[in-house]
Each structure stands twice: as C-alpha cells, then as structure tokens.
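Hi everyone, thanks for having me.

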Amino acid sequence: MTALHSYIDHTLLKATATKEDIISLCEEAKRFKFHTVCVNSGYVSLAYKQLQNSPVKVCSVVGFPLGAMSTASKVTEAKDALSNGADEIDMVIQVGLLKSKDFDGVWKDIEAVKQVMPNKVLKVILETCYLEELEIIKACELAVQCGADFVKTSTGFGPGGARIEDVNVMKRVVASSGTKIKASGGIRDAKTALKFINLGVERIGTSSGIEIVTGTRSTSDY
C-alpha cells in the first residue's frame, strides 16, 4: 500500500491562522512529505512561495465553509487561487440548493468552477452531515457528471465529519466513474485514517497529519 503520508492534505483553515502558522504548515508538509497543504484562498500565494522546489502541492478551499455564496463568487475565488499557484481546489456545494431539489443549480455551480480549471484537480465538498442518503447519492452523481476529480465528505466546520457509512454510499455512486473520494473532518489518528483508506478513499483531509503519521495523539481539528 502507498505510504500513509502521501494520502494527507495537511490542513489549516481556522480564521485565526497567522502567516507564521501557514509557513509552519508548509515546513511540516515538506518534512513529512504530505500530498498537499490545504489553506484558505487568501494564503495560497504564501503557501506557493514556501513550497517552491518541493513536491508538496497547494490546495485551496473555495466557497468555504458554507457553500452558500454565488456561483460567480466561487468562480472568481477559484481563478484567483489558481493564478496564485493552487494546484487543487476544494469547493463546497450549494447545500441549500441540493436540499431544495434544485439539482440544475447544484450542477451549474460545480460545472462553472470545473470549467475554469479543466487540467487541475477539483474536489467537491458535499458536507454529508447535513445530507440524507438520497441527497448524498444525488450530489455524487452531479459531481461526477460535472467532471469532478474527487467528492469530499466534509468541511470540518459542520456538526459532523467523515463517517464510514457515508463513504460507503459515495463509493457506490462513484466506483465506476474514475472520480475519487476524499474523507475529511474528525480524522485524527492512524487507525481512523486507515479505516477510510482501506475502504478505497484516496485522500485524507486533516489538521492532524503529523499525529497520524507519527502515531502521537491529537485533539485538534481544522
């Protein structure tokens, strides 16, 4: 199996994150060979500078954490993050539109972001803690149809994070499509991370990456 560190998006999305915190995040990512650092879009340029000449990629969240802003604002934020060096974008879906059964609106929201980054990795955050099983299924179908590279469980800012049962539902929908799964929210130790990886998850979003790869304990989250 691929080494555990290569699954991890080393994440710091707190409102209080300072420049020094982001620099430390990048240094940790280089040291432990994590897949990406995941930051808010305002810190993409700083992370990019810190990670130059390193294999660690830069991931930016978009429409975070609620997903309730306009599609135009998400597209603008994605373009800005990409222009500042982001390799990957994790966008939050319009949860309210999904729950309103405005599937066309959800489709157009995802599609508009993917269209400005056809050759970059787009992860679509479903925020599964708010969704019923049928809504998870529909959200995954829409993401796949829009060309999303990943569907992702959670922001880490909702009332619940990644759950095995939700990932199993997601897996059934995306299994034959080539779209991958990212589990995030509440994954703080190697045992939990490996449970998701053994299910077929190909990326783990966590602020506890060091604890996961070193076997130490963590009480932190995003």
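Let me begin with a term we'll need: a crossing of two helices is right-handed if the near helix is turned clockwise from the far one by less than a right angle, and left-handed if it is turned anticlockwise. Please also keep in mind that this is a predicted model.

The crossing of H3 and H5 is right-handed. H3 covers residues 71-83 and H5 covers residues 103-115, and their axes come within 9 Å and cross at roughly 20°. Angles under 35 degrees count as roughly parallel, so H3 is roughly parallel to H5. On the H3 side, Thr 71, Lys 74, Val 75 and Ala 78 make the contact, and they meet Lys 108, Asp 109, Ala 112 and Val 113 of H5.

Here is a second pair to set beside that one. Helix H6, residues 133-145, packs with H7 at an angle of about 40°, with the axes 9 Å apart. H6 and H7 are therefore oblique to each other. Their crossing is right-handed. The residues in contact include Ile 136, Ile 137 and Cys 140 from H6, and Val 169, Met 170 and Val 173 from H7.

Let's move on to the strands. In what order do the eight strands close into a barrel? They go E1-E2-E3-E4-E5-E6-E7-E8, and the pairing is parallel. From one strand to the next, the twist averages 25°.

His 10 has Thr 206 as its bridge partner in E8, while Asp 9 stands opposite Gly 205. On the E7 side, three bridges join E7 to E8, and these strands also run parallel. Here Ser 184 stands opposite Gly 205.

Look along E8 itself for a moment. Arg 203 and Gly 205 point one way, Ile 204 and Thr 206 point the other way, and all are buried. To get from E7 to E8 we pass helix H8, residues 190-199, and the three elements make a right-handed β-α-β unit. Helix H7, residues 164-174, lies across E6 and E7, running at about 165° to E7.

Is Lys 182 buried or exposed? Its relative accessible area is 0%, so Lys 182 is buried. Leaving aside neighbours within four places in sequence, its contacts include Asp 9, Asp 90, Lys 123, Lys 152 and Arg 203.

I'll finish with some backbone details. Most residues other than glycine have a negative phi, and most peptide bonds are trans. With that in mind, find Asn 53, in the loop between helix H2 and E3. Its phi is near 65°, a positive value. Glu 127, in the loop between strand E5 and H6, has a positive phi too, near 55°. Asn 53 counts as exposed because its relative accessibility is 87%, whereas Glu 127, at 2%, counts as buried.

And which peptide bond is cis? The one from Phe 64 to Pro 65, with omega near 0°. You'll find Pro 65 in the loop between strand E3 and H3.

Conventions. Residues are numbered from 1 along each chain as its sequence is written. This is a predicted model: local features need pLDDT of at least 70, side-chain atom pairs count only at pLDDT 80 or more; totals for chains, interfaces and linings use all residues. Side-chain values use heavy atoms; hydrogens and water are left out. Buried means under 20% relative accessible area, exposed over 50%, partly exposed in between (1.4 Å probe, protein chains only). Contact means heavy atoms within 4.5 Å. Two strands pair if DSSP finds at least two bridges between them. Helices (H or I, at least four residues) and strands (E, at least two) are DSSP runs, numbered from the N terminus. Axes are lines fitted to C-alpha atoms, for helices over the stretch in contact, and angles run from 0 to 180 degrees between N-to-C directions. A crossover is right-handed if, with the strands pointing away from the viewer, the path from the first strand over the helix to the second runs clockwise. Angles under 35 degrees count as roughly parallel, over 145 as roughly antiparallel, 65 to 115 as roughly perpendicular and the rest as oblique.
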